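Let's walk through this model together, starting with a few charged side chains and then stepping back to the fold around them.

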Amino acid sequence: MKLIPAWLFMLIGLPAIAQSQQKREQIIVDGMKRAFVTYVPGTEKSEKMPVIISLHGGFASPKGMFHLADFRPIAEREKFIVVCPASKNIWHDDADIKGIDDVKFIDQLITYIIDTYHADASRIYVTGISNGGFMTSRLACQLHQRIAAVAVVAASLVINEGYDLAAPMPVMYIHGTKDPVVAFKGGRMFGRQIYSHEEILKKWVVMNHCSTEPIITRIPDNANDGTTITKEEYDNPSNNLKVIGYTINNGGHTWPGGWQYAPKFIIGKTTKNLNACQTIWDFFKEYKLKS
């Protein structure tokens, strides 16, 4: 059977079905080429699509992030764009590091995606793991006017780095209690002080004026992998802002439901009792920036 060309659909008044596409792109920021990979789902609709910007860990890559945290099947079903930017080895979540401005990069990247792909400027979301998670927290502080919600995995926020929480925002933090890289209980990490999982949740609860008494949900070890999950949900009924924390009991420096990218004795266990990609999207899609 022959395929009907797109021009014929237009001629007879039917919508042309765009095919999904994934491609490597770049923009110039401060004279440097900054690379990223964009995935756009196939659709016959003309509505503006939301965007998830997904930040890889230190010394990783967009290709690795697509493998670790694959939002593409959900994006194809729910119709949103996925963008995986590339760092210059690491994300510069330290405000004092000179020469590479990753906040500026993501800011300009958001503009590029909105302009190029007719994306929904009110529904830009950011997530990340490890170093990408710390960068996500920094973006929540410094690009809150452009980002509708964030989700951080295996990371928190660095203390006294020249920036801090600046405006209310829906946030989610997912962290394993046996993370051997980024300590669940916070403390010193590579010469810097970081908030614990509970401390960063409480900090956002204050910023968002949420109730201090969370709704607790416990997820059992249905996957029989030695992990369980505790969900804490803090709510502000007046504006629907939420702070959500997932404690992965016995979980490691990993993406829940994702790929065990290194041996357990190095990074700990990857829980299969939670699909982080689906959980994060279900959280994100409830929010948009107010005009």
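Predicted model: local features only at pLDDT ≥ 70, side-chain atom pairs only at ≥ 80, totals over all residues.

Arg192 takes part in both pairings described here: with Asp93, the closest N and O atoms are 3.0 Å apart, and with Glu161 they are 3.6 Å apart. Asp93 lies in the loop between β4 and α4, 99 residues from Arg192 in strand β9, while Glu161 belongs to the loop between β6 and β7, 31 residues from Arg192.

Arg192, at 23%, counts as partly exposed.

Another salt bridge joins Asp30 to Lys104, with the closest N and O atoms 2.6 Å apart. This pair connects the loop between β1 and β2 with helix α4, across 74 residues. Asp30 is partly exposed at 46%, and Lys104 is partly exposed at 31%. The count of salt bridges comes to 12.

Now for the sheet. Its 10 strands are ordered β1-β2-β4-β3-β5-β6-β7-β12-β11-β10, forming an open sheet with mixed pairing. From one strand to the next, the twist averages 15°. Within the sheet, β6 and β7 run parallel and are joined by 4 bridges, with Val150 opposite Val171 in β7.

Helix α6 packs on the sheet, touching β7, β11 and β12. Helix α8 also packs there, and its contacts include β6, with whose direction its own makes about 160°.

Definitions and conventions:
Residues numbered from 1 in each chain as written. Heavy atoms only, no water. Pairing = 2+ DSSP bridges. Helix = DSSP H or I, 4+ residues; strand = E, 2+ residues; numbered from the N terminus. Axes fitted to C-alpha atoms, helices over the stretch in contact; angles between N-to-C directions. Contact = heavy atoms within 4.5 Å. Salt bridge = Lys/Arg side-chain N within 4 Å of Asp/Glu carboxyl O. Buried < 20%, exposed > 50% of the residue type's maximum accessible area, 1.4 Å probe, protein only.
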